[in-house]
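Here is a short report for a reader who is meeting this structure for the first time. Please look over the sequence and the model before reading on.

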Amino acid sequence: ARGAKDASVPWENPRTGARGTVTPIASAYAQNGTVCQDFLASYVRGDREFWYHGGACRNGRVWEVRDLRPLRRT
């Protein structure tokens with residue numbers, strides 16, 4: 001989805017009831033000739049919420065997630 005720079009973008013899956021947001025962090029960067037972006041993502045299902053840190057790179061017009069790791073709770 002498109003949004004303002006550094007703005008959170010909501011997502012949802014009506015079939016499962018899962019929802020959340022994806023928020024770009026830092027600036028986009030080049031990696032192996034492609035544009036990449038790190039992000040934070042939330043995943044909410046029912047009363048449980050999880051947070052992840054990941055990275056994605058453009059493949060043509062589509063973003064592909066390259067890595068996704070859970071954030072540790074402190």
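Arg-58 lies in strand E4, where strands (E, at least two residues) and helices (H or I, at least four) are DSSP runs numbered from the N terminus. The model is predicted, so local features need pLDDT of at least 70 and side-chain atom pairs count only at pLDDT 80 or more, while totals for chains, interfaces and linings use all residues. Residues are numbered from 1 along each chain as its sequence is written, and side-chain values use heavy atoms, with hydrogens and water left out.

At 33% relative accessibility, Arg-58 counts as partly exposed, a class between buried (under 20% relative accessible area) and exposed (over 50%), computed with a 1.4 Å probe on protein chains only. Leaving aside residues up to four places away in sequence, Arg-58 touches Thr-34, Val-35 and Trp-63, contact being heavy atoms within 4.5 Å.

## The disulfide

The structure holds one disulfide, a pair of cysteine sulfur atoms within 2.5 Å, and this bond joins Cys-36 to Cys-57 with an S to S distance of 2.0 Å. Cys-36 lies in strand E3 (residues 34-45) and Cys-57 in strand E4 (residues 48-59), so the pair ties together parts that are 21 residues apart in sequence. The torsion about the S-S bond of Cys-36 and Cys-57 is about 105 degrees, which means that the disulfide is right-handed. Both Cys-36 and Cys-57 are buried.

## Ser-42

Strand E3 also holds Ser-42, which is buried with a relative accessible area of 5%. Among the residues that Ser-42 touches, not counting those up to four places away in sequence, are Trp-11, Phe-50 and Trp-51.
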